[in-house]
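Here's a quick walk through a single chain, written for someone who would rather look at the fold than read a parts list. Keep the viewer open as you go.

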Amino acid sequence: MSAASAIQGQCLCGAVQYELRGPFRLIFNCHCRFCRVAHGASFTTVAIVAAKDFTWTQGSAARYVTPHGSARHFCGTCSAPLCNTPVEDGIVCIVMASLEVAAQRPPWFHANTEARAAWIGLEDGLPSFPAFPSPEEIGEIVAAQRSR
Ligand SMILES: [Zn+2]
Ligand SMILES: [Zn+2]
């Protein structure tokens, strides 16, 4: 990706900003309880990117390290969630809503639907998985996206 194609993201008040210089590896709606409570939302649309493609460009995000050892990064001023860094190195899970609108993309599947909010239906035709899909299932989803 060229410098010109970098994507910007930021919190609600703009104090904390980041830049993305690589492709989305996976995009999904996460229905797990952690995402729902942490974001105060029915579910969260998450984009996984390579850590090497992600850079903070302004301010410094506050962090909350979960009991699972992953860290949730958010703005300490406006409290908007920006991304999560899981225990596995090398990836960053961006909160899609924090990206500039023109760069936002729809999800490829639903994950952790067993924990979904009672009022959430899943009639949009996307693949859905009670937990997180297996590496094989992920492979099929990614292949289906590439053939579009
Ligand atoms: Zn903010
Ligand atoms: Zn989640």
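What follows goes from the overall build to the strands and then to the core.

First, a caution: this is a predicted model. The chain has two helices and ten strands, and along the sequence they come in the order β-β-β-α-β-β-β-β-β-β-β-α. Along the principal axes, the C-alpha atoms fill a box of roughly 40 × 35 × 30 Å. Of the 148 residues, 29% are buried.

Now for the strands. Three of them make an open, antiparallel sheet in the order E1-E2-E5. Strands E1 (7-10) and E5 (54-58) are at its edges with a single partner strand each, so one side of each has no neighbour in the sheet. On average, neighbouring strands here are turned by 30 degrees against each other, direction ignored.

Strand E4 (44-50) is worth a look too. Five of its seven residues are buried, and E4 pairs with both E3 and E9. Here are some of the pairings side by side:

| Strand pair | Sense | Bridges | One facing pair |
|---|---|---|---|
| E2 and E5 | antiparallel | four | Gln-17 and Gln-58 |
| E3 and E4 | antiparallel | five | Ile-27 and Ala-47 |
| E4 and E9 | antiparallel | five | Ile-48 and Cys-93 |

As background, strands of a sheet pair through backbone hydrogen bonds, either parallel or antiparallel.

That brings us to the inside. In soluble globular proteins, nonpolar side chains tend to be buried together. Here the largest nonpolar core has 28 residues, and those touching the most other members are Phe-28, Val-46, Ala-47, Leu-82, Ile-94 and Met-96. Ala-47, you'll recall, is the bridge partner of Ile-27. Strands E2, E3, E4, E8, E9 and E10 each supply at least two core residues. Which strand gives the most to this core? That's E9, with four residues.

Technical notes
Residues are numbered from 1 along each chain as its sequence is written. Chains are lettered from A and ligands numbered from 1 in the order in which they are written. This is a predicted model: local features need pLDDT of at least 70, side-chain atom pairs count only at pLDDT 80 or more; totals for chains, interfaces and linings use all residues. Two strands pair if DSSP finds at least two bridges between them. Axes are lines fitted to C-alpha atoms, for helices over the stretch in contact, and angles run from 0 to 180 degrees between N-to-C directions. A nonpolar core is a set of buried Ala, Val, Leu, Ile, Met, Phe, Trp, Tyr and Cys residues joined through C-beta atoms within 7 Å. A residue is buried if 20 or more other C-beta atoms lie within 10 Å of its own, exposed if 12 or fewer, and partly exposed in between; C-beta atoms are placed from the backbone.
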